[in-house]
Amino acid sequence: MSKIYELRVYTCLPGRLPALSKRFETKTLKIWEKHGIKQAGFFTTVVGPSNQELTYLLEWDSLAEREKKWNAFQSDPEWIKERAETEKDGQIVANIASSFLTPTSYSSVK
């Protein structure tokens with residue numbers, strides 16, 4: 001059975017992309033590791049509608065796994081504390097778009 005990939009695009013408030021990147025690099029990824037959340041890549045936009053976007057992929061075995069692990073992450077007291085601390089100077093993210101993708105039979109990613 002193929003993996004499911006979650007594509008998440010965070011559009012930051014003007015000038016806040018560095019704060020979001022730092023939060024992922026220094027805080028979020030460690031908490032994800034604790035919950036078994038696997039990232040498949042992070043990207044910033046070079047050319048496109050906005051250069052204030054951070055795009056990433058998460059890899060899941062199933063939607064049920066995603067629901068269980070994501071809910072545990074979202075309610076983790078460490079995450080709630082770290083998110084609040086990183087937003088003490090103001091909100092970072094203006095919008096989050098999320099899509100769930102499944103690889104085609106001819107995809108190099110399975």
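Biologist: Is Glu53 buried or exposed, and at what relative accessibility?
Modeller: This is a predicted model, in which local features need pLDDT of at least 70 and side-chain atom pairs count only at pLDDT 80 or more, while totals for chains, interfaces and linings use all residues. Residues are numbered from 1 along each chain as its sequence is written, and side-chain values use heavy atoms, with hydrogens and water left out. Glu53 lies in strand β3, where helices (H or I, at least four residues) and strands (E, at least two) are DSSP runs numbered from the N terminus. Buried means under 20% relative accessible area, exposed over 50% and partly exposed in between (1.4 Å probe, protein chains only), so Glu53 counts as buried, at 15%.

Biologist: Which residues does Glu53 contact, leaving aside neighbours within four places in sequence?
Modeller: Contact means heavy atoms within 4.5 Å. With those neighbours left aside, the partners of Glu53 are Val9, Tyr10, Thr11, Leu17, Phe43, Thr44 and Thr45.

Biologist: What is the relative accessibility of Glu6?
Modeller: Glu6 sits in strand β1. Beyond four places in sequence, Glu6 is in contact with Tyr56, Leu57, Leu58, Trp60, Arg66, Ser98, Ser99 and Phe100. Glu6 counts as buried because its relative accessibility is 0%.

Biologist: Where is helix α1 kinked?
Modeller: Helix α1 covers residues 17–35. The bend at a residue is the angle between axes fitted to the seven residues ending there and the seven starting there.

Biologist: Which elements do the buried residues of α1 pack against?
Modeller: The buried residues of α1 are Leu17, Leu20, Arg23, Phe24, Thr28, Ile31, Trp32 and His35. They pack against β1 (4–12), β2 (38–44), β3 (53–60), α2 (63–74), α3 (77–86) and β4 (93–101).

Biologist: Which residues does Trp70 contact beyond four places in sequence?
Modeller: Trp70 is among the core residues that touch the most other members. Its contacts beyond four places in sequence are Arg8, Trp32, Ile37, Tyr56, Leu58 and Trp60.

Biologist: How are α1 and α3 oriented to each other?
Modeller: Arg23, Lys27, Thr28, Ile31 and Lys34 in α1 meet Glu78, Trp79, Glu82, Arg83, Glu85 and Thr86 in α3. The axes come within 11 Å and cross at roughly 170°; axes are lines fitted to C-alpha atoms, for helices over the stretch in contact, and angles run from 0 to 180 degrees between N-to-C directions. Angles under 35 degrees count as roughly parallel, over 145 as roughly antiparallel, 65 to 115 as roughly perpendicular and the rest as oblique. The two helices, α1 and α3, are therefore roughly antiparallel.

Biologist: What separates the C-alpha atoms of Val109 and Lys3?
Modeller: Val109 is in the segment after β4 and is partly exposed, with a relative accessible area of 40%. Not counting residues up to four places away in sequence, Val109 touches Tyr5 and Pro103. Val109 and Lys3 are 106 residues apart along the chain, and their C-alpha atoms are separated by 8.9 Å.

Conventions. A nonpolar core is a set of buried Ala, Val, Leu, Ile, Met, Phe, Trp, Tyr and Cys residues joined through side-chain atoms within 4.5 Å.
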